[in-house]
Amino acid sequence: MANTLLIYGSLTGNTEGVAYSVQTILREKGKEIDVKNAIDADLTDLTGNYSNFIFACSTWDDGLPQSDFNDFIERIISAKPSLAGKKIAILGLGDSNYVHFCGATTVIEKAFITDLSGNKIIETLHIDGYPEMEENKNHIKTWTEKLADLIN
Ligand SMILES: Cc1cc2nc3c(=O)[nH]c(=O)nc-3n(C[C@H](O)[C@H](O)[C@H](O)COP(=O)(O)O)c2cc1C
């Protein structure tokens, strides 16, 4: 069984594509990882056997997480589980032409790290513009390979 669950929120598919790229890179590093759309994610995903979580989300609506992910956060926050001891990594997609560039990652960090005591193990990755851009592909690969060394 996988130790790591990646939960993503994506409206036009950019973050979804990155989610599966991260899965591919981690698998190449020998890590088992499940991927789930935030629309299907629930409290039991966080309180079950996974040790590591990757939260991946784009920003919309003046700095908010994509709506399915936003709803997921609200479901979790109302249940108030403790994530103490769970390793957490956050990545965001956005566009630096907007005032609240990758604002979703700030909301996610407050919810899962500050309020629910998750253990943030790596600096948050911000992807500016299309993930297919060579520069962004390199950022994703470098970040994910570093993450692979930090999880079991
Ligand atoms: C109407 C609209 C609003 C957006 N608002 C923001 C924003 O506030 N901050 C940001 O960083 N990016 C913003 N973006 C950029 C998206 O986050 C970016 O296109 C992202 O790659 C979409 O990923 P997704 O397809 O996974 O949802 C916005 C894009 C659109 C079209």
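Where does C102 lie? In this predicted model, C102 is found in the loop between β5 and α4, the latter spanning residues 103-115. Although C102 is not a glycine, its phi is positive, at about 50 degrees. Most residues other than glycine have a negative phi. The surroundings of C102 comprise 24 C-beta neighbours inside 10 Å, and C102 therefore counts as buried, the cut-off being 20 or more.

A positive phi is also found at D62, again a residue that is not a glycine, with a value of about 60 degrees. D62 belongs to the loop between β3 and β4, where β4 covers residues 64-65. Here the C-beta count inside 10 Å is 9, so D62 is classed as exposed, the limit for that class being 12 or fewer.

Two further positions were examined for burial and contacts. Q66 is placed in the loop between β4 and α3 (67-79). Q66 is buried because 26 other C-beta atoms lie within 10 Å. Leaving aside residues up to four places away in sequence, Q66 touches G9, S10, L11, C57, S58, W60 and A104.

A56 is part of strand β3. With 28 other C-beta atoms within 10 Å, A56 is likewise buried. Beyond residues up to four places away in sequence, the contacts of A56 are L6, Y8, T15, V18, A19 and L91. A56 and I122, 66 residues apart in sequence, have a C-alpha to C-alpha separation of 13 Å.

The ligand is surrounded by 20 residues, of which the closest are S10, T12, T15, S58 and G94. Elements contributing two or more residues to this shell are α1, β3 (52-60) and β5 (87-94). Strand β3 provides the largest share, three residues. By class, the shell holds six nonpolar, twelve polar and two charged residues. Two of the closest residues, S10 and S58, are also among the contacts of Q66, and T15, another of the closest, is touched by A56.

Helix packing was examined for α1 and α5. Two packed helices are described by the angle between their axes and the distance between the axes. For helix α1 (residues 14-28) and helix α5 (residues 134-148), the axes come within 9 Å and cross at roughly 50 degrees. At this angle α1 is oblique to α5, and the crossing is right-handed. On the α1 side, the contact is formed by V18, S21, V22, I25 and L26, and on the α5 side by I140, K141, T144, E145 and A148. The residues in this contact divide into six nonpolar, two polar and two charged. V18, which takes part in the contact with α5, also touches A56.

Within helix α5, E145 was considered individually. E145 has 13 C-beta neighbours inside 10 Å and so counts as partly exposed. Apart from residues up to four places away in sequence, E145 touches I25 and K29; I25 is one of the α1 residues in the helix contact. The C-alpha atoms of E145 and N14 are separated by 20 Å, the two residues being 131 residues apart along the chain.

How values were computed
Residues are numbered from 1 along each chain as its sequence is written. This is a predicted model: local features need pLDDT of at least 70, side-chain atom pairs count only at pLDDT 80 or more; totals for chains, interfaces and linings use all residues. Axes are lines fitted to C-alpha atoms, for helices over the stretch in contact, and angles run from 0 to 180 degrees between N-to-C directions. Helices (H or I, at least four residues) and strands (E, at least two) are DSSP runs, numbered from the N terminus. Angles under 35 degrees count as roughly parallel, over 145 as roughly antiparallel, 65 to 115 as roughly perpendicular and the rest as oblique. A crossing is left-handed if the near helix is turned anticlockwise from the far one by less than a right angle, and right-handed if clockwise. Two residues are in contact if their C-beta atoms, placed from the backbone, lie within 7 Å. Ala, Val, Leu, Ile, Met, Phe, Trp, Tyr, Cys and Pro count as nonpolar, Asp, Glu, Lys and Arg as charged, and the others, Gly among them, as polar. A residue is near a molecule or strand if its C-beta atom, placed from the backbone, lies within 6 Å of it.
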